[in-house]
Amino acid sequence: MTKYVVALDQGTTSTRAIVFNHEGGIVSTGQLEHEQILPKAGWVEHDPQEIWRNTREVIGQALSKADITRHDVEAVGITNQRETAVVWDKNTGEPIYNAIVWQDTRTQAIVDRLAADGGVDRFKQTVGLPLATYFSGTKIVWILENVEGAREKADAGDLLFGTTDSWVLWNLTGGTDGGVHATDVTNASRTMFMDLETLSWDEEILGIFGVPLSMMPEIRSSSEVYGTVESSSLLREVPVAGILGDQQAATFGQAAFETGESKNTYGTGNFLIFNTGEEIIHSKNGLLTTVGYKLGDAKPHYALEGSIAVTGSLVQWLRDNLGLIQNSADVETLAATVDDNGGAYFVPAFSGLFAPYWRSDARGALVGLTRYVNKGHIARAALEATAFQTREVLDAVNADAGVDLEELKVDGGMVANDALMQFQADLLGVPVVRPVVAETTALGAAYAAGLAVGFWKDLADVAQNWQEDKRWIPNMEPAERERLLRNWKKAVTKTFDWVDDDVS
């Protein structure tokens, strides 16, 4: 009888369940979007209960479309939006506040307070991350300081914290009735609290933040059986056996297992990960040091990461906030109505600038405007912003790693855009390669779970599944590439120093 693995992909805009076969092919998908809650400028929230309801429903959708039952499923893997923070009451299972999303910038005052003694790199040697609103640590602090009764409940040991993998895992394995409160090393490495050397919570840093250790999930590997699905689920008794944060999962799904291999995911934001093997490399060029994966008892693999906050979500902004397009896919058609950007550059620093700048004081800017510029140019500038930001991150990776990347593996929703991928190859000056299965985030979670239960026997077994779908070769003249990059860098400087005491 044919067997499968189910991946639960709890992303920034939607939750999906995808059924994979042994060849790494997609058998069926269930997907539901959840509400983007925007209470104030810079605030982004999700309803954790909506996410859990959607998780249950998409499991049913995927199983139904594949015409299979739990008996056909060997394991479940989870991948997730990594820094989004959920705090809930362990006795009732109720969140005490909405999930605060990774894009949210409300915690800047907390960042400034913590950075007053030692600067933004105060904890970087230990945790690999600068102090920034991006990571979940300051989001927990904000909830404890601003939600009535939260501090008292936390001190009494009644509150649990988790990124959305932990929230889904806890509910999937029983919730208040024996739910497993755990996370994996990749998600733990995005909190600001995990020591990269020991792979354990740093109690001194937790103390400085004022976060009780009792709130924190157990840190486990990325590939092991954490528990089994609870009895009311369509997947009851199936082992939950893999967890990877979304970008690490995409790297795993691209079979970038070895030192020097990398990938770039084009999603809500863009995330370039470069595998540094068992060596921890501390970036000197604005990148993050993170855990790439850990399989069971094996040693962890580390990575350098360039995180870009706004890429695909800029296209959504054109659709939802400006009404320039009706569907996200229409941006390519609109951009194709012009031959170039018309001199316009769009720097989408909606949540500040992430790698390689780490400027929380930046805000978005559309510059170089003349009366010649039309909506086609704006659409093209929005797409080009993704490629420009990726080039800057790749330059930082090359500088830190000491060796130039020879080609870039890509995945995510935006890689279906041929014009963007060609422009990306032109800007990088190296080939851009898309795999047959572009849903590598969910695939990586499936691989991690399947490896834990023997569905795939080893990494070589998994690597055999990877197949190239399309390759874009650069054909831009070097002088034109340098002109565009020079203007882009000039545009970036126009976003600096926007936020001050009376501008958020």
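What follows is a short exchange on how terms are applied to this structure.

Biologist: What kind of model is this, and which residues count?

Modeller: The model is predicted: local features need pLDDT of at least 70 and side-chain atom pairs pLDDT 80 or more, whereas totals for chains, interfaces and linings use all residues. Residues are numbered from 1 along each chain as its sequence is written, and side-chain values use heavy atoms, leaving out hydrogens and water.

Biologist: What makes a set of residues a nonpolar core?

Modeller: Its members are buried Ala, Val, Leu, Ile, Met, Phe, Trp, Tyr and Cys residues joined through side-chain atoms within 4.5 Å; buried means under 20% relative accessible area (1.4 Å probe, protein chains only). The largest such core has 107 residues, and Met192, Phe193, Phe209, Val211 and Met215 have the most contacts inside it. Helix H12 (residues 375-401) gives the largest share, twelve residues; a helix is a DSSP run of H or I, at least four residues, numbered from the N terminus. Another core, of 33 residues, lies apart and includes Tyr4 and Val180.

Biologist: Which residues is Val211 in contact with, neighbours within four places aside?

Modeller: Contact means heavy atoms within 4.5 Å. On that basis Val211 touches Ile140, Val141, Leu144, Phe193, Leu206 and Met216.

Definitions and conventions
Buried < 20%, exposed > 50% of the residue type's maximum accessible area, 1.4 Å probe, protein only. Helix = DSSP H or I, 4+ residues; strand = E, 2+ residues; numbered from the N terminus.
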